[in-house]
Amino acid sequence: MADGAELFRWPEEGVRRAPFLVYSDPAVYEAEMSRIFRGRIWHYLGLEIEIPSPGDYRLMDVGDTPVIMLRRHDGGISALVNRCAHKGTMLLYEPSGHVDELMCIYHNWLYDFEGNLRNVPFAKGINGKGGLGPEFRHCDHGLDRLRVETVNGLVFGTFSANVEPLRDYLGVELMHNFERVACREFRVLGYYSQYLDSNWKLYFENASDPYHATILHAWATRLKLNRFTMEGAIEMGRGGWNHLSWSRMLTDSGGEIYDSAEFRSGGAALDGFGLHDPSVIEQWDEHGDGITTAIQTAFPNFVLQQIHNTIATRVLIPRGVGGSELLWTVLGYADDEDWQTDIRLKQGNLIGPAGYISMEDGMVGSLVQRGVRRDGDKASVMELDGDSIETIVGSRASECGVRGFYTAYRELMEV
Ligand SMILES: [Fe+2]
């Protein structure tokens, strides 16, 4: 593989720039699949509660490698590459389910839940003819494995032998929000996936970018759900690799700037805008801290979301250089009462791809993708708050989250 400098040269302004070719160059995409997704990262696989019993599984793609997350008989969790050692066939293809054994449909090679090869049909041939030679050893032909660690019921896997422990990777500075959101056993309320016509990094920039959140989503600004003039912060973890942005809706001061003609939220297009059914934004202060939005990311592609009373995990899967897929798991807590579940599901309409927020985020990524494809030597400009990748409290007028993402990206890509 070419080293990073042979792939391309990063602009001299550093992470205040992202060169447009990273969204459209197939060679860069190929390098990302190996250097990032096979590299020194932890990748979200799912929730422990999704696979409670031995044989329960969920599928995930780590970059472009299919992976099985599987509950073993000893109670542990295996993460196995979803690929038979014989011909490379995917062993499982339903997104989730239960199996009593891991048997390939193609030639019925059989594996245990640790990924060890247990049986090869016709290994001894028929009537002493054919079959495997004496040199074939089952132990040489198991499934490839990922290392697994969990934090508060969230399961992560890695191909790396030397990435640091998961908690350190996620950022000890940010663990307080993991503890806060994953404070009790979750209950899955539903799943959906959203196909994005944009390179995977464009969505992840968006999720790391509170700057857009009160501007692009003008209706939410108009409804005073999220404004920079509220109390809030962007907290950075692990030297910029991961971020948490939060705000307290009821602390807004000076928000009239959003009603000015400098913003779409103040423009005539939204005159008279309001909700016919305000119950869609009804909420309660779940954690007693008044925080109404908390978006946390883990490099390269994981989001833990709390917006009002909606909780979700999002994991972003690259689908070729110009596309990506966002997998959502919508959550409540196991001990929720029905009225709480009702509120979570109703508010989910504000955020998911059939609602507003994620529809807008998906669309704007595709506008960037279409805008930049012919000019890979040009670059985006991310100068809000200089070149800081540090925590900022009292203001969120910073692009530190996106610069932090590219700090990690450059380190792993060696560019
Ligand atoms: Fe957004």
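**Exercise 1.** In what order do the eight strands of the open sheet lie, and is the pairing parallel or antiparallel?

*Solution.* The model is predicted: local features need pLDDT of at least 70, side-chain atom pairs count only at pLDDT 80 or more, and totals for chains, interfaces and linings use all residues. Residues are numbered from 1 along each chain as its sequence is written.

Step 1. Strands (E, at least two residues) and helices (H or I, at least four) are DSSP runs, numbered from the N terminus. Two strands pair if DSSP finds at least two bridges between them.

Step 2. The order is β12-β18-β17-β16-β15-β14-β13-β20, with antiparallel pairing.

Step 3. β12 (186-196) and β20 (392-393) each pair on one side only, as edge strands.

Step 4. Between β16 (residues 302-307) and β17 (residues 310-318) there are six bridges. Phe 302 has Val 315 in β17 as its bridge partner.

**Exercise 2.** Determine which residues of helix α2 are buried, and where they lie on the helix.

*Solution.* Step 1. A residue is buried if 20 or more other C-beta atoms, placed from the backbone, lie within 10 Å of its own.

Step 2. In α2 (residues 26-35), Val 28, Tyr 29, Ala 31, Glu 32 and Arg 35 are buried.

Step 3. Viewed down the axis of α2, these residues fall within an arc of 165 degrees (taken from the directions from the helix axis to the C-beta atoms), so they line one face of the helix.

Step 4. Contact requires C-beta atoms, placed from the backbone, within 7 Å. The buried residues of α2 pack against α1 (4-7) and α10 (400-413).

Conventions
A residue is buried if 20 or more other C-beta atoms lie within 10 Å of its own, exposed if 12 or fewer, and partly exposed in between; C-beta atoms are placed from the backbone. Two residues are in contact if their C-beta atoms, placed from the backbone, lie within 7 Å.
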